[in-house]
Amino acid sequence: MKPLARYAALHEYVELSRSLGLDPVALMRASGLDPTGLSLQDRWVPAAAIADLLEHSAAAAGCDDFGLRLAERRRFANLGPLSLVIREEPDVRSALMVMSRHEDMYNEALRTRLTEHNGLATIRLALDIGQPGDTRQSVELSVGVLHGLLAGFLGASWRPVEVRFTHSAPADPRAHHRVFGPRVRFEQDFDGIIAYTSDLDAPNAMADPQLRAYTQRLLDPVRSVRPATTADRVRELIELLLPTGRCSVDQVARSLGVDRRTIHRRLAAEGHTFSSLLDATRAELARHMITNPRRTITETAELLGFSAPGNFSRWFRKHHGCSPAQWRRTDASGETH
């Protein structure tokens with residue numbers, strides 16, 4: 001299966017894109033992403049789609065530091081539930097180790113490795129989106145977020161010993177120097193940050209020792225509810241692909257990096273079929289969408305992948321025993337369906 005990432009990776013993407021004169025909705029749809037999904041920060045989508053979006057956005061804006069600019073807008077809380085745990089770790093090293101150990105809770109494509117030698121700590125980042133493609137912007141976003149996390153612990157004036165990137169230097173490196181300081185190197189052997197070991201020993205001023213035991217216990221229940229099965233991933237992708245008009249088992253299989261027979265086989269082993277998941281997901285989304293009076297029934301039909309409102313109405317009546325308009329009126333009146 002191809003790795004997934006949370007929509008939180010695109011926090012402030014719309015605002016940054018608009019500030020650069022871009023159409024974020026069109027760009028997201030071109031990369032196979034649902035713009036309305038941005039309101040669901042914990043939703044999982046293919047990491048390759050996010051990487052593709054960032055590269056196309058950078059090209060469209062003529063801005064080769066797009067990923068870095070996005071990193072500057074990130075907040076500690078964008079790590080999701082993991083941020084609650086990291087914030088209570090006693091020192092920077094512990095916080096990094098927790099983030100590295102549980103990074104698949106927010107990005108399955110990212111791998112972080114910490115090594116220490118002769119007073120220097122090297123934090124290497126590797127990004128594997130599961131397919132060939134440029135990841136320059138995604139790498140700069142990841143390194144920028146890591147730098148922001150360290151600066152959050154060590155203070156805004158903190159500077160690393162060195163920041164390294166494997167890709168070539170931008171035409172204008174001023175943004176990199178503004179964010180990282182003067183020691184930024186390109187065309188290096190790894191992507192990441194070098195800091196002093198003593199930086200990692202720094203106590204975390206945000207931590208409350210009495211809360212640490214509690215936040216540690218948060219990890220197991222949080223991890224237990226994140227998408228894990230093939231059915232979970234397929235449901236997520238169905239929700240993502242329906243508005244694009246390209247929701248098919250073949251498209252889902254491509255997004256997960258397997259063939260359609262593998263999807264059918266794995267779903268069958270879990271007691272599902274693609275058709276049943278598609279129908280159930282559509283039905284759930286339809287009930288939610290139809291209650292929104294600002295969205296027309298025609299718009300709802302399009303978002304759910306129906307070629308015509310009449311087809312949607314017939315399908316809805318078959319599943320719910322009434323027309324979409326009748327369902328909306330009943331909901332508005334406060335009656336029970």
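## Leu10 and the nonpolar cores

Leu10 touches Met28, Leu33, Leu38, Ile50, Leu53 and Leu54, leaving out residues up to four places away in sequence; a contact here means heavy atoms within 4.5 Å. Leu10 is also one of the residues with the most contacts inside the largest nonpolar core, together with Tyr13, Leu33 and Phe312. That core has 59 residues. Apart from it lies another core, of 32 residues, which includes Ile86, Val143, Phe180 and Leu200. A nonpolar core is a set of buried Ala, Val, Leu, Ile, Met, Phe, Trp, Tyr and Cys residues joined through side-chain atoms within 4.5 Å. Buried means under 20% relative accessible area, exposed means over 50%, and partly exposed lies in between (1.4 Å probe, protein chains only).

## Basis of the model

This is a predicted model, in which local features need pLDDT of at least 70 and side-chain atom pairs count only at pLDDT 80 or more, while totals for chains, interfaces and linings use all residues. Residues are numbered from 1 along each chain as its sequence is written, and side-chain values use heavy atoms, with hydrogens and water left out.

## Overall composition

The secondary structure of the protein comes to 17 helices and 7 strands. These elements are DSSP runs numbered from the N terminus, with helices (H or I) of at least four residues and strands (E) of at least two. Of the 337 residues in the protein, 50% are buried.

The protein exposes about 16,100 Å², and carbon and sulfur atoms supply 50% of that area. Accessible areas come from the Shrake-Rupley method with a 1.4 Å probe, and for residues only the protein chains shown count as cover. Among the contacts in the protein with a separation of 6 or more, 67% are between residues 24 or more positions apart.

## Packing of helices H3 and H7

Two packed helices are described by the angle between their axes and the distance between the axes. Helix H3 (residues 47-61) and helix H7 (residues 136-154) have axes that come within 7 Å and cross at roughly 105°. H3 is therefore roughly perpendicular to H7. Angles of 65 to 115 degrees count as roughly perpendicular, those under 35 as roughly parallel, those over 145 as roughly antiparallel and the rest as oblique. The axes are lines fitted to C-alpha atoms, for helices over the stretch in contact, and angles run from 0 to 180 degrees between N-to-C directions.

On the H3 side, the contact is made by Ala51, Leu54, Glu55 and Ala58, and on the H7 side by Arg136, Gln137, Ser138 and Leu141. By class, this contact of H3 with H7 has 4 nonpolar, 2 polar and 2 charged residues. Ala, Val, Leu, Ile, Met, Phe, Trp, Tyr, Cys and Pro count as nonpolar, Asp, Glu, Lys and Arg as charged, and the others, Gly among them, as polar.

## Buried residues and their contacts

Thr122 lies in strand S4 and counts as buried at 14% relative accessibility. Leaving aside neighbours within four places in sequence, Thr122 is in contact with Arg113, Leu114, Thr115, Phe190, Ile193 and Ile194.

Trp158, in the loop between H7 and strand S5 (162-164), is buried, with a relative accessible area of 8%. Not counting residues up to four places away in sequence, Trp158 touches His147, Leu150, Ala151, Ile193, Ala195 and Asp199. Thr281 lies in helix H14 (residues 274-290) and is buried at 4% relative accessibility. With the same exclusion of residues up to four places away, Thr281 touches Arg235, Ile238 and Glu239.

## Exposed residues and positive phi values

Most residues other than glycine have a negative phi. Asn118 has a positive phi, near 50°, and is placed in the loop between strand S3 (110-117) and strand S4 (120-127). At 68% relative accessibility, Asn118 counts as exposed. Glu187 has a positive phi near 55° and is found in the loop between strand S6 (184-185) and strand S7 (191-196). Glu187 is exposed, with a relative accessible area of 60%.

Ala30, in helix H2 (residues 24-30), is exposed at 65% relative accessibility. Ala30 and Thr244 are 214 residues apart along the chain, and their C-alpha atoms are separated by 8.9 Å.
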